[in-house]
Amino acid sequence: MTAWRETLRQNKLLWFVSALLLYIALTLAALYLYPDDVEQMNWADREVFNAKIISQYSVNSAISQQKVLDRLGSPDITNALQHNNDIYQLLYYRTHRKTPDGITTADECTALLFKNRTLIGMGDKAVTDYQTLSQHGGQ
């Protein structure tokens, strides 16, 4: 009888470990195989998501505009100009809410500045750089 109980106990442990490993595998698969869909997020979740992803960017990393668009989706506000045969685009992504009025304004966003579709600036400095370009002959 003791051998039978020991076998039963080992089988329960084996089932438990197997179920735990299956749960971990399915959780990891869901996290890595099904990326966040920004189009399906509510505004509060999207703000947090945008802020998290943008905080990982660096202007020294040569991040392409397409990579940003693929990850963050369409920007909330966009500006563009051409200066000395270069195209500058300023994309604003909402990262915080100042006034709960349902309207997204530039001061509720983090700006990303692209030159010929490569990230060259972020935040307030990106806005300042863009404004300087537009005042010096941007088309």
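The model is a predicted one, so to speak of local features takes a pLDDT of at least 70 and side-chain atom pairs count only at pLDDT 80 or more, while totals for chains, interfaces and linings use all residues. Residues are numbered from 1 along each chain as its sequence is written, and side-chain values use heavy atoms, with hydrogens and water left out.

In soluble globular proteins, nonpolar side chains tend to be buried together. Here, the largest nonpolar core has 13 residues. Such a core is a set of buried Ala, Val, Leu, Ile, Met, Phe, Trp, Tyr and Cys residues joined through side-chain atoms within 4.5 Å, where buried means under 20% relative accessible area (1.4 Å probe, protein chains only). Among the residues with the most contacts inside this core are Tyr57 and Leu112. H2 gives the most, with 3 residues. A second, separate core has 11 residues, including Tyr88 and Leu133.

Glutamate 108 is tucked away too: it counts as buried because its relative accessibility is 1%. Its side chain reaches the backbone nitrogen of lysine 98 at 3.0 Å. Not counting residues up to four places away in sequence, glutamate 108 touches Arg94, His96 and Ile103, among others; touching here means heavy atoms within 4.5 Å.

Phenylalanine 16, by contrast, is exposed (over 50% relative accessible area), because its value is 55%. The place of phenylalanine 16 is in helix H1 (residues 2–33), helices being DSSP runs of H or I with at least four residues.

Notes:
Polar contact = N/O pair within 3.5 Å; in protein donor to acceptor, adjacent residues only side chain to side chain. Helix = DSSP H or I, 4+ residues; strand = E, 2+ residues; numbered from the N terminus.
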